[in-house]
Amino acid sequence: MSIFRSLSTRAKEDELMDDFSMGGEELSEALKHLRRLNKIFGAPGPTRYGVEKLWKDIGRPKKLSVLDVGAGSGDVNRKLLEWADAQEIDMKITLVDLTEEACEEARLYFQEEKRVQVIRADVKSLPERYADIVTGSQFVHHFEGQELVDIVTYMLKTSKFGVVINDIHRHSVPYTAVWLTTRMISRNRYIRHDGPLSVAKGFTDKDWIDLKTKLNHSTMTYSWKPLFRYAVVIPRDR
C-alpha cells in the first residue's frame, strides 16, 4: 500500500479483513494493534457524540441498549460506558461481528464487564428493533453503492430509535498519518494494508449527502469530528 494514491473517489479494493477465510492468530494480533490505533486517533469520540445526541432526542431515558455492528473487539465502547456511568444510565451493549477471532477478542477485552455481551452474527439476521440505538464504528466503509444503502437500512430496522455511524474522513492528511503510524506501531500485514486502505475507502461530505438522498432520510445529520472522522446520526422514523 503506497503512501501516494488518489483519494478523489472511494477505493474499491477489499481489505484483508474482508476475507473471512483467513482469520487465525494474525487477525487476532491485528485486532489488538487496531485498539492502539483507535486510541491514538481518538476513535471513540464520534460514537459517544452520536449516541448522546440520539439519547437527548428521545428524552434522556435512564435505560439504554446499544448494538455495535461489525464491532471487532469493541474497544470504542469503553468510553460509551464511562459516559453512561456519568449520566447514571443503565446501559447494555451487544457487540456483533462475523468473525470468531473478533468475538473472542471482544470477550477477552470485556471479560470483567457484565454490561457487555458478544454474539457472532450478521446484522441482517437480527430481529427488527433489537436495540434502542445501533452503532457502527469503521464499519460502513466496507460497503459501497447499493450495498451501503442496504446495510444502513438493515441497521435502521434493527434499531428502535436510530443509528450512529462513526467512520473515516477520506483525505490526504489522515491517509498519510495512518500510513506512517501503522508502520511505526505494527509489523502486522492486516494493519499495514488495511489501515491506510480504510481511509481510502472512507467518506467526504459529498458521500454523506449522496447516502442521505438515497435513503430518502430528511433528518440524517453528519458532522466532522477529530481526529479525521465523521459522526453520522440517523433517527429512525417512528
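Which side chain makes a polar contact with the side chain of His169? I opened the notebook with that. The model is predicted, and I read each entry below with that in mind.

**Entry 1: His169**

The partner is Trp224, whose side chain makes a polar contact of 3.0 Å with the side chain of His169. I then placed His169 in the chain. It lies in the loop between strand E5 (159-168) and helix H6 (172-185). Buried or exposed, I asked of His169? His169 has a relative accessible area of 15%. That makes His169 buried, because the cut-off for buried is under 20%.

Next I listed the contacts of His169, leaving aside neighbours within four places in sequence. They are Pro174, Val199, Phe203, Thr204, Trp224, Phe228, Arg229 and Tyr230.

**Entry 2: Glu15**

I moved to Glu15, which sits in the segment before helix H1 (25-40). What is the nearest side chain of opposite charge to Glu15, and how far away is it? It is Lys201, at 5.3 Å. Glu15 is buried yet has no salt bridge.

Glu15 does have a polar contact. Its side chain and that of His141 are joined at 2.9 Å. Beyond its neighbours within four places in sequence, Glu15 is in contact with His141, His142, His193, Asp194, Leu197, Ser198 and Lys201.

**Entry 3: Lys12 and Glu144**

I turned to the salt bridges. The structure holds 17 of them. Side chains of opposite charge can pair when their charged atoms come close. One pair I looked up was Lys12 with Glu144, whose closest N and O atoms are 2.8 Å apart. Lys12 lies in the segment before H1, and Glu144 in the loop between strand E4 (131-137) and helix H5 (145-158), so the pair ties together parts that are 132 residues apart in sequence.

I checked exposure at both ends. Lys12 is exposed, at 57% relative accessible area. Glu144 is partly exposed, at 33%.

**Entry 4: Glu100 and its partners**

Which residues form salt bridges with Glu100? Arg107 is one of them, at 2.9 Å from N to O. Arg120 is another, with the closest N and O atoms 3.9 Å apart. The Arg120 pair links distant parts of the chain: Glu100 is in helix H4 (residues 100-109) and Arg120 in strand E3 (residues 116-120), 20 residues apart. Salt bridges that share partners join Glu100, Glu104, Arg107 and Arg120 into one network.

Glu100 is partly exposed, with a relative accessible area of 32%. Arg107 also counts as partly exposed, at 33%. Arg120 is exposed, at 52%.

**Entry 5: Val51**

I went to helix H2 (residues 44-57), where Val51 is found. How accessible is Val51? Its relative accessibility is 0%, so Val51 counts as buried. Leaving aside neighbours within four places in sequence, Val51 is in contact with Leu64, Leu80, Trp83, Ile133, Thr135 and Val164. I took a spacing for one of these. Val51 and Leu80 are 29 residues apart in sequence, and their C-alpha atoms are 8.3 Å apart in space.

**Entry 6: The whole chain**

Last, I stepped back. The protein has eight helices and seven strands. Its radius of gyration is 17 Å, close to the 18 Å that the globule rule gives for 238 residues, so the protein is as compact as a globular protein of that length. The C-alpha trace spans about 45 × 40 × 30 Å along its principal axes.

What share of the residues counts as buried? I noted 53% of the 238 residues. The accessible surface comes to about 11300 Å², and 51% of that belongs to carbon and sulfur atoms. I closed with contact range. Among contacts between residues at least 6 apart in sequence, 77% join residues at least 24 apart.

Key:
Residues are numbered from 1 along each chain as its sequence is written. This is a predicted model: local features need pLDDT of at least 70, side-chain atom pairs count only at pLDDT 80 or more; totals for chains, interfaces and linings use all residues. Side-chain values use heavy atoms; hydrogens and water are left out. Helices (H or I, at least four residues) and strands (E, at least two) are DSSP runs, numbered from the N terminus. Buried means under 20% relative accessible area, exposed over 50%, partly exposed in between (1.4 Å probe, protein chains only). Lys and Arg count as positive and Asp and Glu as negative; His and the chain ends are not counted. A salt bridge is a side-chain nitrogen of Lys or Arg within 4 Å of a carboxyl oxygen of Asp or Glu. A polar contact is a pair of N or O atoms within 3.5 Å; within protein, one must be able to donate a hydrogen and the other to accept it, and residues adjacent in sequence count only if both atoms are side-chain atoms. Contact means heavy atoms within 4.5 Å. The radius of gyration is taken over C-alpha atoms; the globule rule is 2.2 Å times the number of residues to the power 0.38. Accessible areas come from the Shrake-Rupley method with a 1.4 Å probe; for residues, only the protein chains shown count as cover.
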